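Dear colleague,

Please find the structure below, followed by a summary of what was found in it.

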Amino acid sequence: MSELAATADLASARPLPGGRPGGIMQQIRNFTAQPAVAKSLPLVGFIGMIGLAALLWMTFSAAPGRTLFSGLPDADKQAVAEALQTAGISHSVDRSTGALTVSEDDYHQARMILAGQGLPRGAPDGAQAMENLPLGASRAVEGERIRASRQLDLARTIEAIDAVRTARVHIADSGGSVFVRDRAAPGASVMLTLEGGRSLSEGQVSAIVHLVASSVPGLSPENVSVVDQNGRLLSGAGGSAAGASAESERQIAVQQSVEERYRQAIATLLTPIVGAGNFTAEVSAEMDFSQVEASREAYPEATRSLRSEQGTVTTESGSSAGGATAGGIPGALADQPPAAPTTTNNPDPATAPPGAAAPATQESRRNEQYARNYAVGREISVTRNQTGTVKRLSVAVAIRNVEGGRALTRDELQSMENLIRGAVGANQERGDVVALTARTFATAEEPEVSWYEQAWLSPIVRSVVGLIVALAFFFGLGRPMLKKLSAAAKARSEQRSEAMGKEIAAALADNNRHGNVTIDMIEAAPSYEARATLIRSFVRQDPARAALVVRDLIRADTAKGA
């Protein structure tokens, strides 16, 4: 009886020849051949086509990907991925290169978030490079690895400076030599990528140079070159040209600082009077950076003093008549008073009478000789003129005339000009110029952008392209497939109805041929197909009895299980 129940359960299925079940494809066909499944197949296909179309639209309308970082170490890559995931920014990793990619719409936001968290942290340190040193490496490979690790450590150290984003250090060292003549001095070059809008002072550049020079044995600071991402030489290793360039940049920086100070003074003065944004000021300062040094050595006469004096005084006396000769102590007067002078009425010998004696004449001469030594004072003065002084100053200020308001009078403009002169310290003797005018300012017009360069156009184009692709897929591929599925389901339904009609006719013919079907006839059937046919005939001719048989079978199975 249990065999009869199992045969009754499988009577509705169409068995394969030999009674063996079919493969997976046959099972799928049997499943889809069921009436409920066949009726729901068109709806399922329609929903699937809509889903595929939506997926295509999302794929084509999404913004293209953009590489965020490439060549990062695994630790930094993991930190960046976690930061992006925390911020809710979708990202992907390229399987071939390992580069992190984000959507173009999220690119700048991702960069800002990662920069705020200090990611990526930079290149690997020297310890990691030394850990990856292969076993049994040659001395040359070992030396290159050691040099690379030193370069990485120096780069990481330089990146600790606030204004430096990334740094790369290259050390040129030929190694030691036993010959003194063949020894070459090592050198180094540093490539810096500075943060946007940041710059390094001369002290910071000098610190980087000495840091690198102190880390490499035998390296002098003169052999270290520092370059930024714009190709500018920051260090003075380039010789006189680099030194002159650095000096010129310093002078320009001083000039700009002076001009900016004057502009700030003018802005502080005019803002409370005319309001912010109602004036513009420009200052041009002509600076004098010439270095003049003068030295002077003088001997002031007022500071002269007599140190020593030595001299002699001699006096000579005599008579023209051949009288007594000079006598006495040299340099001293005679011990006798001088004789009284005598006068004659006719002193002229030509007028004297013949035979008269000529008068006697006295002559004397004094000679002084002195040697004096003076102490002379000495004065040495060195004068250095100040560098970086303002040689000439030119100031131009334009004040805005408010539309519909009262224009400034000449007296008001003159008063403002005097205020500006006082604020900048204008000097007429120096040739300073201050120009003040009132004008109507032109409104700044934004440059016209073509319609195909507008920011809103790209998302719309992507959405439209995605929609077109989705509709083309739906109507070009999905709709014909749905029609084919509907036609195939309808054909299968017709075939199933026709088969059922044939089976009913065959069952009626068998019923007429076999007459009343009994259980003994079913058990004595020679094959599975004959047994199934007899069971179907038995159920059709006596449904109540068939139900009783099934009930008895169930009770018997239940009693056996208990």
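A residue is called buried when its relative accessible area is under 20%, exposed when over 50%, and partly exposed in between (1.4 Å probe, protein chains only). By this criterion, 21% of the 562 residues of the chain are buried.

This is a predicted model, in which local features need pLDDT of at least 70 and side-chain atom pairs count only at pLDDT 80 or more, while totals for chains, interfaces and linings use all residues. Residues are numbered from 1 along each chain as its sequence is written, and side-chain values use heavy atoms, with hydrogens and water left out.

The chain holds 14 helices and 13 strands, taken as DSSP runs (helices H or I, at least four residues; strands E, at least two) and numbered from the N terminus. Strands count as paired if DSSP finds at least two bridges between them.

Strand β12 (residues 389-400) pairs with β7 (residues 279-288) in the antiparallel sense over 10 bridges, and A281 has V397 as its bridge partner in β12. Strand β12 also runs parallel to β13 (residues 433-439), joined by 7 bridges; here S394 stands opposite V433. The chain passes from β12 to β13 through helix α10 (residues 410-424) in a right-handed β-α-β crossover, that is, the path over the helix runs clockwise with the strands pointing away from the viewer.

Strand β5 (residues 187-194) is joined to β4 (residues 164-172) by 8 antiparallel bridges, with A167 opposite L192. Parallel to β5 runs β6 (residues 224-227), with 4 bridges. Helix α8 (residues 202-215) carries the chain from β5 to β6, and this β-α-β crossover is right-handed.

With kind regards
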